[in-house]
Structure formats: structure tokens, C-alpha cells
Amino acid sequence: MNTNQLERGNRLKPLKKSIISKNESSKSVNRSDGISATGILSEKQLLIRIHEIEELNTSLELLVEQRTNKLIEIVSTNGKFLSIIAHDLRSPFSSILGILELLKMSLNEFNKSQIEEYIDMVYNSANNTLILLDNLLVWAVSQNKEHNFKPVKINLYELLREEIENLKTLASQKQIAISHTIKPGLNVTADLQMVKTILRNLINNAIKYTNINGEITINASELKQFVEVTVKDNGIGISADNKKKLFKIDTFHSTPGTHDEKGTGLGLLLCKEFVELHGGNIRIESEAGKGSRFAFTLPHYL
């Protein structure tokens, strides 16, 4: 070996030591992570992974149990709901058919006043059934809120005038006066069909629980971001116990009206659901024998 080769070898020795040192350090890091030089998990690392998987599996089992219980609750509630709806649809149709059969068989035996009374009974029964069917249809459509919720600019004055006109015949049968103080230029941002459903149900409820020659007044006040609408009657009111049962799908609370009008409580459930979908709220102020006041809020159109 010549002198040049010897010198070159001496210069390479520190570099080789540096490379060897780095390789040893890298192997040490790998081993401290629980991974061997061959890339296989160590026993310690494997136990940690198994523990993590077990925790994840426990969380998933809990989630599945919660979702299953929720589905059971929904199925049970919907079954009860459909049972009540079916019963409340059958009853008025039976009443209508019974009265029509009576008129058909004995028409000549009744005077004009009696015939008018029976016709009124048929009309009321048919009207209540139509409202129930409307609510049922709206409820079914509303279940797909993502596609069916379409807020637009609504003139509250015009819409209210239309709904009052639609319920005029029903109110006139009990000589109930309906009035409002809403300004012609008052607008809200809301889904048209949902607001119609809210107004129709609250006004119809007021008619149902108001005695002959009663009064219903509808007002609105403008807040910063919302408009509060109130429907007030001087009817029979609601007891404290019954107020707690309202707006609950698991109870379907409803009491007969002053002329024994029937209901399911679905209308108020829809009102609550639709108002809250708009970011508003609905509340009731009432005492037995002192009438009721329903108030709800909708986004102001600014």
C-alpha cells in the first residue's frame, strides 16, 4: 500500500464511524417505538393496539345500542300515532254516514230546522276531518325538511286575511267574531305552507274552544329580528295540568271543543315543529275558564 492510499484510508475512518453511529441511533429509535428492525410490531405495541381496538369496539356497541333504542322509540311512537289518527279518521266518517243515512231514510219526517241542524253536524264533522287530513299530509311532507323547507318573503297581512276567510263559515256557526290588528306591510321570511298550517291550526283551535258569541283577536308585534304573532280567545281556557301535556308527541293530548269537536293534538305538534324550524318559539298563556293566548315568533323580513 502506497503513501497516498494510507492517507485516504485514514481520512475515511471518521466518516464511517459517523455513519455507523447514525444507523445505531436510528435502530434505537425504532426499537423505542415498539417496532423491531424488521418492521414487525413488538409485543408491547401490539397490546396497545389491541386495547385501542377494544375501546373503539365498546364505543361502537354503545352507539349502536343508543341508535337501536331511538329507533324502537320512534317505531313505537309512530305506531301509537297512526293508531290514534286511524281512530280519529274513522269516527267522523261513521258520524257523517250515520247522519246521511238517517236523513235519507226519514227526510220527510223532519222539518227545515231539524234538517239544517243535521247538515251543520255533517259539515262540522267533515271540516274537522279535512283539517286532520291536511295536517297529516303536511306532517308527512315535513319529515323531509331538507328538501321541503323553502323560506320566502310573506306578507303576513294578506296571508292572515286568506286564512280567516277560509275559516269564516266554521266561526259563523258559533257566532264567533274574528278580528286582527296586523299592518298591511308586515312581512316575514318563512315557508308559506308551514305558516299557513300554523295560522290555520291556532285559529281553528281558538274556534273549537270558544263558546257561542265568543271573540278571537290576532295581533302582531315587531321585534328586532322576529315578529311575534298572538292568537287570543275568550274561551274555556286550559288547566295547568293539561298545559303540560301540550306539544308532546308521546301524549297526543286533546280535549273536546265547546260543541264536542274532536281532535288529536297533531295540529299543535306541527305548530311547534314548524315554528322551531324557523328559529322561533311558541308559548301559551291560559287559565281554565279565562281563555287562551298562543304566541309564536317568525323571522322578520328586513
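1. Axes here are lines fitted to C-alpha atoms, for helices over the stretch in contact, and angles between N-to-C directions run from 0 to 180 degrees. The model is a predicted one.

2. Helix α7 (residues 192–208) packs with helix α9 (residues 266–277) at an angle of about 140 degrees, and their axes are 9 Å apart. The angle makes α7 oblique to α9, since only angles over 145 degrees count as roughly antiparallel. The crossing of α7 past α9 is left-handed.

3. On the α7 side, the contact with α9 is made by Met194, Thr197, Ile198, Asn201, Leu202 and Asn205. On the α9 side it is made by Gly267, Leu268, Leu270, Cys271, Phe274, Val275 and Leu277. Nine of the residues in this contact are nonpolar, four are polar and none is charged.

4. Helix α5 (residues 156–166) also packs with α7: the two axes come within 10 Å and cross at roughly 50 degrees. That makes α5 oblique to α7. Here α5 passes α7 in a right-handed crossing.

5. Which residues of α5 and α7 meet? From α5 they are Leu159, Leu160, Glu162, Glu163 and Ile164, and from α7 Leu192, Val195, Lys196, Leu199, Arg200 and Ile203. By class, seven residues of the contact of α5 with α7 are nonpolar, none is polar and four are charged.

6. Strand β3 (residues 187–191) is mostly covered, with four of its five residues buried. Strand β1 (residues 151–155) pairs with β3 in the antiparallel sense, over five bridges. Opposite valine 152 stands alanine 190 in β3.

Definitions and conventions: Residues are numbered from 1 along each chain as its sequence is written. This is a predicted model: local features need pLDDT of at least 70, side-chain atom pairs count only at pLDDT 80 or more; totals for chains, interfaces and linings use all residues. Side-chain values use heavy atoms; hydrogens and water are left out. Helices (H or I, at least four residues) and strands (E, at least two) are DSSP runs, numbered from the N terminus. Angles under 35 degrees count as roughly parallel, over 145 as roughly antiparallel, 65 to 115 as roughly perpendicular and the rest as oblique. A crossing is left-handed if the near helix is turned anticlockwise from the far one by less than a right angle, and right-handed if clockwise. Contact means heavy atoms within 4.5 Å. Ala, Val, Leu, Ile, Met, Phe, Trp, Tyr, Cys and Pro count as nonpolar, Asp, Glu, Lys and Arg as charged, and the others, Gly among them, as polar. Buried means under 20% relative accessible area, exposed over 50%, partly exposed in between (1.4 Å probe, protein chains only). Two strands pair if DSSP finds at least two bridges between them.
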